[in-house]
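Please read these comments with the sequence and the model open side by side.

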Amino acid sequence: NDLFVLGADLATVDGTAPALRITQAQVTRLENEIDAVNTDLKPLTSFILPGGTQLAAWLHLGRTVARRAERQMTELAVEEPVNKAAMQYINRASDLLFVLARHANDDGECDVLWVPGKNQSG
């Protein structure tokens with residue numbers, strides 16, 4: 001439902017007919033969900049590569065889509081007014097997908113960690 005509201009928010013110019021808008025309450029709900037999932041996660045010691053379980057891989061993919069949408073919304077905001085709560089919402093949505101991916105990886109135990117220089121030859 002929220003993603004449809006986000007789409008309506010972005011598609012409707014301020015001051016036109018009554019529009020659906022992302023609200024701070026929706027952003028706060030995502031932040032609370034992030035905090036709840038994050039409490040059980042193993043602390044990060046490295047960057048995480050997308051992968052692990054199949055569910056985690058799909059959640060990481062969803063996160064990349066959300067990040068791309070966030071970049072496009074940022075570009076749009078240069079030309080048109082964009083609801084601040086909508087910008088926060090898409091940012092928090094990608095954060096939630098990240099912590100959910102870690103949760104799907106046995107609370108971080110099966111995360112695929114980035115090892116700098118691991119695949120360099122010679």
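1. Basis. This is a predicted model, in which local features need pLDDT of at least 70 and side-chain atom pairs count only at pLDDT 80 or more, while totals for chains, interfaces and linings use all residues. Residues are numbered from 1 along each chain as its sequence is written, and side-chain values use heavy atoms, with hydrogens and water left out.

2. Helices α2 and α4. Helix α2 covers residues 24-38 and helix α4 covers residues 84-104; helices here are DSSP runs (H or I, at least four residues), numbered from the N terminus. Their axes come within 9 Å and cross at roughly 20 degrees. Axes are lines fitted to C-alpha atoms over the stretch in contact, and angles run from 0 to 180 degrees between N-to-C directions. α2 and α4 are therefore roughly parallel (under 35 degrees; over 145 is roughly antiparallel). The crossing is left-handed, meaning that the near helix is turned anticlockwise from the far one by less than a right angle.

3. Residues between α2 and α4. By class, the contact has 10 nonpolar, five polar and five charged residues. Ala, Val, Leu, Ile, Met, Phe, Trp, Tyr, Cys and Pro count as nonpolar, Asp, Glu, Lys and Arg as charged, and the others, Gly among them, as polar.

4. Helices α3 and α4. The axis of α3 (residues 54-79) comes within 8 Å of that of α4, at a crossing angle of roughly 165 degrees. That makes the two roughly antiparallel. α3 also passes α4 in a left-handed crossing. Leu 59, Ala 66 and Met 73 are among the α3 residues involved, and Ile 90, Phe 98 and Ala 101 among those of α4. This contact divides into 14 nonpolar, five polar and four charged residues.

5. Gln 26. Leaving aside residues up to four places away in sequence, Gln 26 touches Asp 2, Val 5, Arg 21 and Tyr 89. Its side chain also reaches the backbone nitrogen of Thr 23 at 2.7 Å.

6. Asn 32. This residue also lies in α2, and at 48% relative accessibility Asn 32 counts as partly exposed. Asn 32 and Ala 19 are 13 residues apart in sequence and 26 Å apart in space, C-alpha to C-alpha.

Definitions and conventions. Angles under 35 degrees count as roughly parallel, over 145 as roughly antiparallel, 65 to 115 as roughly perpendicular and the rest as oblique. A polar contact is a pair of N or O atoms within 3.5 Å; within protein, one must be able to donate a hydrogen and the other to accept it, and residues adjacent in sequence count only if both atoms are side-chain atoms. Contact means heavy atoms within 4.5 Å. Buried means under 20% relative accessible area, exposed over 50%, partly exposed in between (1.4 Å probe, protein chains only).
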